[in-house]
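Colleague: I am new to this one. Can we go through what the labels rest on?

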Amino acid sequence: MNPSASLWSTVSLQRAAKAAAALVISIGVLVLIGWATNIGVLKSVLPNLVSMKPNTAVSFVLAGTALRLTTPPTTPKRQRVGQLCALAVALIGLVSLSQDLLGWNLGIDQMLFVEDPQSSGTLSPGRMSPLTAFCFILGGSALGLSVAQRRRILMGWLCPAEALAVLTCLVAAQVLVAYLYGAQPVVGVLPYTQMALHAAINFMLLTSGILMSRPRQGLISIVVADSVGGAVARRLLPAAIAVPLLLGGFRIVTANLGLFAPDLGTSLLAVLHTVIFAGVVLWTAHQMHRIDRQRQAALEALSRANEDLEARIQERTAKLEEANRFFQLSHELMSIVGPDGYFKQLNPAWESVLGYSQPELLARPFLSFVHPADLEITRAATVCRGANRPATAFENRYRCRDGSYRWLSWITVIVADNCLVYLTARDVTDRKQAEQRLAEQV
């Protein structure tokens with residue numbers, strides 16, 4: 001596993017964050033339409049549930065806009081506008097909360113729409129609950145801080161924006177669970193307006209979007225990482241969320257039906273928690289053990305492959321060293337000519353036969369040493385035509401450093417892949433001179 005890799009791409013998670021922002025905005029707009037047209041289902045989802053207040057809906061529209069504008073890829077200008085929207089959200093929450101704590105009535109609760117004082121779950125008409133206002137303070141602050149440099153403050157991996165987002169999510173989750181169980185939300189113990197059901201859902205969407213907006217950092221980077229830690233998180237988190245919810249619902253149902261005495265029901269719930277979580281932990285441990293064995297097997301296979309590769313490299317190196325010794329010690333002239341017509345490699349025999357130093361030979365095209373009368377045959381035998389050619393033999397005269405010429409008998413092989421010409425030559429000057437003397441005698 002590669003700890004730096006991600007199970008999901010950064011782009012996909014940022015798109016999910018923008019989709020969450022769009023849902024938050026849409027729910028806020030639908031609630032405002034519900035207030036404008038007096039459609040109860042848009043305001044409160046179900047009859048007898050507390051409605052989402054107009055100021056709450058406006059705050060969600062601003063919060064969703066802030067999340068959309070600050071989620072990368074973005075621009076500095078869009079980020080500044082997003083931070084202003086986030087600041088407005090936090091200020092609305094602060095002002096609303098101050099009215100409840102200090103007993104003020106600033107007249108902002110029914111500026112947009114007037115609510116019936118007898119509405120369900122409402123003490124101050126049009127006023128969002130203190131818990132909702134508190135969540136807006138946290139959520140707006142999280143949105144404003146999300147674009148700043150993320151400095152870890154908790155266990156080295158949680159930044160302020162994420163900490164505020166997680167706290168907001170926990171508060172909203174408590175309200176959702178209370179609605180799910182048909183219980184009184186924690187805010188209900190206070191003489192204030194309750195949080196609406198779709199407000200709690202919107203806070204969950206908003207905080208999820210904040211966490212996903214920068215998936216390379218913080219909490220989400222651990223969950224989606226292609227590592228042992230990421231795999232454990234993905235296996236245990238669903239159980240950690242679902243099991244308590246299901247068992248809590250089971251406990252409430254059995255209590256309402258009177259199936260168990262309170263003490264027996266509590267002990268049974270504890271045993272079920274233990275058994276289920278022990279099973280999940282053991283299953284996760286089995287999966288991690290299997291993954292670790294696969295990783296060990298892969299490492300062993302890689303080690304064997306590396307050993308084989310090293311053996312082949314050593315064998316190839318030995319062959320190259322042997323070839324190089326032959327190249328260096330051969331009395332024949334051996335060389336490699338590149339596609340530019342210059343020598344790329346020469347053996348020492350060139351210096352002893354022609355008298356030139358290797359730098360002198362490497363500095364000039366190899367055809368520049370050929371006798372003018374032999375240029376055509378030499379060029380024809382050494383030109384690269386884009387296809388491999390069989391070995392070609394020819395003879396020409398090559399100029400020595402003292403100005404004389406010596407006859408060389410060549411064998412050339414051309415490799416078309418890189419247009420390199422491999423040449424070997426033997427000095428046949430003595431034979432040529434003998435042939436010439438014999439011809440003269442005849």
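Modeller: Gladly. Keep in mind that this is a predicted model.

Colleague: Why is Gln14 called buried?

Modeller: Buried means under 20% relative accessible area. Gln14 has 11%, so the label applies. Gln14 is part of helix H1, residues 10-37.

Colleague: What is Gln14 in contact with, leaving aside its neighbours within four places in sequence?

Modeller: Thr71, Pro72, Pro73, Met212, Ser213 and Pro215. Contact here means heavy atoms within 4.5 Å.

Colleague: How do you know that Ala200 counts as buried?

Modeller: The cut-off is under 20%. Ala200 is at 0% relative accessibility, so Ala200 counts as buried. Ala200 sits in helix H7, residues 197-212. Neighbours within four places aside, Ala200 contacts Ala172, Val175, Leu176 and Met195.

Colleague: Which residues touch the most other members of the largest nonpolar core?

Modeller: Met52, Phe60, Leu143, Met195, Phe203, Leu206 and Ile210, out of 37 residues. H1, H3, H4, H5, H6 and H7 each supply at least two residues of this core.

Colleague: What makes a set of residues a nonpolar core?

Modeller: Its members are buried residues of the nonpolar kinds listed for it, Met and Phe among them, joined through side-chain atoms within 4.5 Å. Met52 and Phe60 belong to the largest core. Met52 also touches Phe60, as well as others including Ile27, Trp35 and Ala199.

Colleague: Which residues does the second core include?

Modeller: Phe343, Tyr356, Val370 and Ala381 are among its 22 residues, and this core is separate.

Note on methods:
Residues numbered from 1 in each chain as written. Predicted model: local features only at pLDDT ≥ 70, side-chain atom pairs only at ≥ 80, totals over all residues. Heavy atoms only, no water. Helix = DSSP H or I, 4+ residues; strand = E, 2+ residues; numbered from the N terminus. Buried < 20%, exposed > 50% of the residue type's maximum accessible area, 1.4 Å probe, protein only.
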